[in-house]
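Okay, thanks everyone, let's get going.

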Amino acid sequence: MDFLMFQLEKNSLIPLYEQLYSEIKEAIIRGKIAEGAKLPSKRKLADYLAVSQTTIEFAYSQLVAEGYISSEARRGFFVQNLEELALIEQAIPNVIQEEKYVSTYSIDFSPGKIDTESFPFKIWRKYAKDIVNEINKDFLQLGHPQGDYILRHQISSYLYQSRGVKCTPEQIILGSGTEQIMPLIIRLLGKEAIYGFENPGYPLTHHLFLEDKQKSVPIPVDEDGVIVSRLEQTNATAMYVTPSHQFPTGAVLSATRRSQLLAWAYQQENRYIIEDDYDSEFRYTGKPIPSLQGIDQNERVIYLSTFSKSLMPSLRIAYAVLPKSLVTQYKQKYSYYSATVPRMDQYILANFMEDGYFAKHLNKMRKIYKRKLEIITKTIAEYAPTVTISGEQAGMHIVLTILSSKTEEELVSLAEQAGIRIYSLREYITAELELDLDPKLVLGFGGIEIEHLATSIHRFMEALKIKKSTENSL
Ligand SMILES: Cc1ncc(COP(=O)(O)O)c(C=O)c1O
């Protein structure tokens, strides 16, 4: 074997044994050391590389532990025939695919983005440090399948105070995102359930209905939210809705439609409403609208919400509040499931909430998003009546209606050519729908920094070749 292939940097910050381990591993993966080849003895290699035998010992042990080489008593170390090597090589293309997720847009109006400038890193870090500690070694074991009580307790009191949701911690199920919880609900409601869903609507849930081969029916939405009379004409047994701020139109389900929807659910034993209250923390105008769960008298609302908007989408913590009647069934069906949210993250969040930091953070963020919305409204007003806004009562996205002879796709592509990411409303439509003819675009403003908002909108309008109203009249 050619010892020269191992180049060790004595002044590097990387320990020598780690360098040697990487060099040998790389040589095995690349086929530079053949399968079955004997590695030099520890003493020989140590002498040759002028390092201690312990260095070689550490490197070889790591390679043995990872299965690259085997140690045979009194014979030495041999390169293994590793099928895993193929796996390692295969993993490389996946890494390349991953990179595609990195945004290349200079302005990103994706509705899933949040403000990252005002996150309380210092406080979060303190809670994280407190939790990752030997005294909490119990957290290395699995916790309650529905999520630890401490966090469910915090969520239940928060929901009661802020959303009028009436529940006990026993009714709450934590999951690592709405898309992880929905399949559990779909299985809980059984094969016979037929789902109504908003059209346009949140594509992730729609995909789940389709992937689970559940029967589902799109129900159109207008400026008062989902059209319940259209639901009544179907054979749906469960309706998935975003009543506080319809995704993506931003419509708020009117009081009449709320009563109508609950009445629909009460008409038959097996009917349920799945209320997705994903961004209700951020409401800017009028009185807070209570959740449907809070006004439900007959345990027919399954309430869903998430920390993706209120804290960060990467936290991956969402929850469902089940009606009491479904909790027993849930426990029977899923008692063997482990919670999908890491326990330490659950405790960090629970302590953050308990000490009042969540409420403080929400108050701060509400002001920031409100300010962002004001800037957008003011800036877009300069382009009225060509461009108008709707769905601005809550959340972090709005809908722009554009008086243009161009299609939504053409407008999106013009923006894209200027490095701007924006979504057409049509991307959220599942089935044929009589839409009014003017193109509509969904604009998320959460992720754009306050000081760049106005210029971002102007650049966007320029990309769409839309002039300010003052310029039009010149
Ligand atoms: C309608 C709707 N529900 C839920 C979510 C959040 O999903 P998750 O909890 O999986 O991040 C979003 C996020 O954008 C949403 O738009």
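I'll start with the ligand, then move to a sheet, then to some backbone details.

Quick housekeeping: this is a predicted model, where local features need pLDDT of at least 70, side-chain atom pairs count only at pLDDT 80 or more, and totals for chains, interfaces and linings use all residues. Residues are numbered from 1 along each chain as its sequence is written, and side-chain values use heavy atoms, with hydrogens and water left out.

So, the ligand. There are 14 residues around the ligand, and the closest are T178, E179, D276, T306 and S308; "around" here is a heavy atom within 4 Å. By class, that shell has five nonpolar, five polar and four charged residues. For those classes, Ala, Val, Leu, Ile, Met, Phe, Trp, Tyr, Cys and Pro are nonpolar, Asp, Glu, Lys and Arg are charged, and the others, Gly among them, are polar.

We have an open sheet of four strands, antiparallel, in the order β12-β13-β16-β15. Strands here are DSSP E runs of at least two residues, helices are H or I runs of at least four, and both are numbered from the N terminus. Pairing takes at least two DSSP bridges between two strands. The edges are β12 (387-390) and β15 (423-424), each pairing on one side only. Further in, β13 (residues 397-402) and β16 (residues 440-444) run antiparallel, joined by five bridges. Looking across to β16, T401 stands opposite K440.

Last bit, the backbone. Most residues other than glycine have a negative phi, and most peptide bonds are trans. Now look at the bond from N199 to P200: cis, omega near 0 degrees. P200 is in the loop between β5 (194-199) and α8 (203-211). The bond from F247 to P248 is cis too, with omega near 10 degrees, and P248 is in the loop between β8 (238-241) and α10 (255-266). Finally, R74 has a positive phi, near 60 degrees, in the loop between β1 (69-72) and β2 (76-79).
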